[in-house]
Amino acid sequence: MKVSYTNKMNKDIKFDFDRQSRIGIIEAIWGEHKNVYQLKKICKKVLDRNELVFITRINFDKAKFILDIYKNAKFYEEASCLIIGKNLKKLPTEKKVAIVASGTSDLSVSIEAKLALEVHGITCKTFIDVGVAGVHRLY
């Protein structure tokens, strides 16, 4: 028997509204291959359930479209992420995470990881440009 955790919004859009209660983390929305109308619909459905919207890989033009609708939205251009609302069900942990990136080419994904951890209440620190030539920078 196959169990499906996603809820269909329409034939193109599925969203796992129960992910946070099941595994403790929210469903991130992959923005890169969605059009602005799909993103608008997802945002509305998620916010109607009083949940946090966390869109990854969203470009400036799509973000601007969403920012014009939701004044409390925040676009993190360096990470290509957009967040609307607050996560009211943060993970109960005091553990800390280090995000180690080899160079500035990893900067956007490092910031995306930092945002994803922070929306769940996880403290983290980012170390950038710690490539093979920069291991000494950790000390």
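User: Why does Phe75 count as buried?

Analyst: Phe75 has a relative accessibility of 16%, and a residue is called buried under 20% relative accessible area, exposed over 50% and partly exposed in between (1.4 Å probe, protein chains only), so Phe75 counts as buried. This is a predicted model, in which local features need pLDDT of at least 70 and side-chain atom pairs count only at pLDDT 80 or more, while totals for chains, interfaces and linings use all residues. Residues are numbered from 1 along each chain as its sequence is written, and side-chain values use heavy atoms, with hydrogens and water left out.

User: How many aromatic pairs are there, and what makes the pair of Tyr37 and Phe65 the kind it is?

Analyst: The structure holds two aromatic pairs. In that of Tyr37 and Phe65, the ring centres are 5.6 Å apart and the planes stand at 75°; since rings of Phe, Tyr and Trp (its six-membered ring) pair if their centres lie within 6.5 Å, and planes under 30 degrees apart count as stacked, over 60 as edge-to-face and the rest as tilted, this pair is edge-to-face. It links distant parts of the chain, with Tyr37 in helix α2 and Phe65 in helix α3, 28 residues apart. Helices (H or I, at least four residues) and strands (E, at least two) are DSSP runs, numbered from the N terminus. Tyr37 counts as exposed, at 59% relative accessibility, whereas Phe65, at 25%, counts as partly exposed.

User: Why is the pair of Phe60 and Phe75 called tilted?

Analyst: The ring centres of Phe60 and Phe75 are 6.3 Å apart and their planes are at 55°, so the pair is tilted. Phe60 lies in helix α3 and Phe75 in strand β5, so the pair ties together parts that are 15 residues apart in sequence. Phe60 has a relative accessible area of 45% and is therefore partly exposed.

User: How do you know on which side of α3 the buried residues lie?

Analyst: The buried residues of α3 are Lys62, Ala63 and Ile66. They cover an arc of only 100° around the axis, which puts them on the same side of α3; the arc is that of the directions from the helix axis to the C-beta atoms. What covers the buried residues of α3 includes α2, β5 and β6.

User: Which residues touch the most other members of the largest nonpolar core?

Analyst: Among the 18 residues of that core, Ile55, Leu82 and Ile84 touch the most other members. The elements giving two or more residues to this core are α2 (36-48), β4 (53-56), α3 (60-69) and β6 (81-84), and α2 gives the most, with four residues.

User: Which way do the residues of β6 point, and what pairs with this strand?

Analyst: Cys81 and Ile83 point one way from β6, Leu82 and Ile84 point the other way, and all are buried. Three bridges join β4 to β6 in an antiparallel arrangement, with Phe54 opposite Ile83. β5 and β6 also pair in the antiparallel sense over three bridges, and here Lys74 stands opposite Ile83. Strands count as paired if DSSP finds at least two bridges between them.

User: How do you know that the span of α4 agrees with what a helix should have?

Analyst: The expected span is 1.5 Å times one less than the number of residues. For the twelve residues of α4 (residues 107-118) that should be 16 Å, and the end C-alpha atoms are 16 Å apart, which agrees. The buried residues of α4 are Ser110, Glu112, Leu115 and Leu117.

Key. A nonpolar core is a set of buried Ala, Val, Leu, Ile, Met, Phe, Trp, Tyr and Cys residues joined through side-chain atoms within 4.5 Å. Contact means heavy atoms within 4.5 Å.
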